[in-house]
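These exercises go with the structure shown below. Try each task before reading the solution.

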Amino acid sequence: MNRFVKNFIIVSIVYLGISSLLGVCMLWNQSLISLKFVHSHLNMLGWVSMMIYGVGYHILPRFAGKPLKYPKMGEFQFWAANIGLVGMLAFYTLDAVGHSRAFTNMTVLFGAVEVLSIGLFFYNMLATLLPKTTV
Ligand code: HEM
Ligand code: HEM
């Protein structure tokens, strides 16, 4: 198993733990509902997507009987997905606590890094799975 594949699976479980704690805090204190976006995206981009990236990188090329086309791109995608997610949610939280245009801009910038990481996964998977094998 590639190192970044294992790392995707480990961080996805860490994100599930953090988001569930935040969820319970949101139940306990209604004012924390302003962080619903942080909870939902720690879950959807952190827990769900990262688990799918990890399992997908490992399983899908094997289903197709081919190696992953660009493993280095997978490693880079791991960092882009995590830096994008943590940065986006950190600046969203700062913006929710004390609104400033600079925080909003940083949220958008890290969100764009997250979108880039999604594009890299998309490209690497298609480049791996689509080419026809010669028999
Ligand atoms: C112990 C675990 C969890 C707790 C205590 C919890 C709690 C909450 C709370 C309090 C809300 C806000 C509801 C509201 O708007 O009033 C919420 C929203 C949400 N949660 Fe969780 N949650 C948990 C786990 C999860 C998991 C595992 C996922 C996804 C895999 C998830 C996905 C979402 C989503 C997408 C929303 C936004 C829903 C909406 O806008 O209607 N949550 N959660
Ligand atoms: C770069 C990626 C993403 C960005 C920038 C993004 C951004 C947003 C924004 C701005 C909202 C509205 C929040 C609000 O009403 O205050 C939202 C809501 C939501 N998004 Fe995303 N999203 C992304 C990826 C995803 C993915 C991959 C999923 C699911 C797999 C997802 C699931 C949801 C859900 C369930 C909601 C409604 C719950 C909520 O309001 O928090 N998002 N997203």
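**Exercise 1.** Which residues of α3 are buried? Work out also what packs against them.

Solution. The model is predicted.
Step 1. Locate the helix: α3 covers residues 71-97.
Step 2. Apply the cut-off: a residue is buried if 20 or more other C-beta atoms lie within 10 Å of its own. In α3 this gives G74, Q77, F78, A80, A81, N82, G84, L85, M88, L89, F91 and Y92.
Step 3. Look at the spacing. An α-helix has 3.6 residues a turn, so residues three or four places apart point the same way.
Step 4. Find the partners. The buried residues of α3 pack against α1 (3-28), α2 (36-64) and α4 (101-129).

**Exercise 2.** Describe the protein chain as a whole.

Solution. 
Step 1. Count the elements: the protein chain has four helices and zero strands, in the order α-α-α-α along the sequence.
Step 2. Take the extent of the C-alpha trace, which spans about 60 × 30 × 20 Å along its principal axes.
Step 3. Take the burial: 27% of the 135 residues count as buried.
Step 4. Consider contacts between residues at least 6 apart in sequence. Of these, 73% join residues at least 24 apart.

**Exercise 3.** How are α2 and α3 oriented to each other, parallel or antiparallel?

Solution. 
Step 1. Read the geometry: the two helices pack at an angle of about 175 degrees, with their axes 10 Å apart.
Step 2. Angles over 145 degrees count as roughly antiparallel, so α2 and α3 are roughly antiparallel to each other.
Step 3. List the contact. From α2 come F37, V38, H41, L42, L45, G46, M50, Y53 and Y57, and from α3 come G74, A81, L85, L89, Y92 and T93.
Step 4. Sort these residues: eleven are nonpolar, four polar and none charged.

**Exercise 4.** Which elements supply the shells around ligand 1 and ligand 2?

Solution. 
Step 1. Begin with ligand 2, which is surrounded by K36, F37, S40, H41, M44, L45, V48, S49, G111, E114 and V115. The elements giving two or more residues to this shell are α2 and α4. The most come from α2, with eight residues.
Step 2. Sort the shell around ligand 2: five residues are nonpolar, four polar and two charged.
Step 3. Go on to ligand 1. Of the 13 residues around ligand 1, S20, G23, M26, S40 and N43 come nearest.
Step 4. Both α1 and α2 supply at least two residues of the shell around ligand 1, and the largest share, seven residues, is from α2. This shell has seven nonpolar residues, five polar and one charged.

**Exercise 5.** Is G65 buried or exposed?

Solution. 
Step 1. Count the neighbours. There are 7 other C-beta atoms within 10 Å, so G65 is exposed.
Step 2. Compare sequence with space: G65 and T128 are 63 residues apart in sequence, and their C-alpha atoms are 9.9 Å apart.

Terms used
Residues are numbered from 1 along each chain as its sequence is written. Chains are lettered from A and ligands numbered from 1 in the order in which they are written. This is a predicted model: local features need pLDDT of at least 70, side-chain atom pairs count only at pLDDT 80 or more; totals for chains, interfaces and linings use all residues. A residue is buried if 20 or more other C-beta atoms lie within 10 Å of its own, exposed if 12 or fewer, and partly exposed in between; C-beta atoms are placed from the backbone. Two residues are in contact if their C-beta atoms, placed from the backbone, lie within 7 Å. The expected span of a helix is 1.5 Å times one less than its number of residues. A residue is near a molecule or strand if its C-beta atom, placed from the backbone, lies within 6 Å of it. Ala, Val, Leu, Ile, Met, Phe, Trp, Tyr, Cys and Pro count as nonpolar, Asp, Glu, Lys and Arg as charged, and the others, Gly among them, as polar. Axes are lines fitted to C-alpha atoms, for helices over the stretch in contact, and angles run from 0 to 180 degrees between N-to-C directions. Angles under 35 degrees count as roughly parallel, over 145 as roughly antiparallel, 65 to 115 as roughly perpendicular and the rest as oblique.
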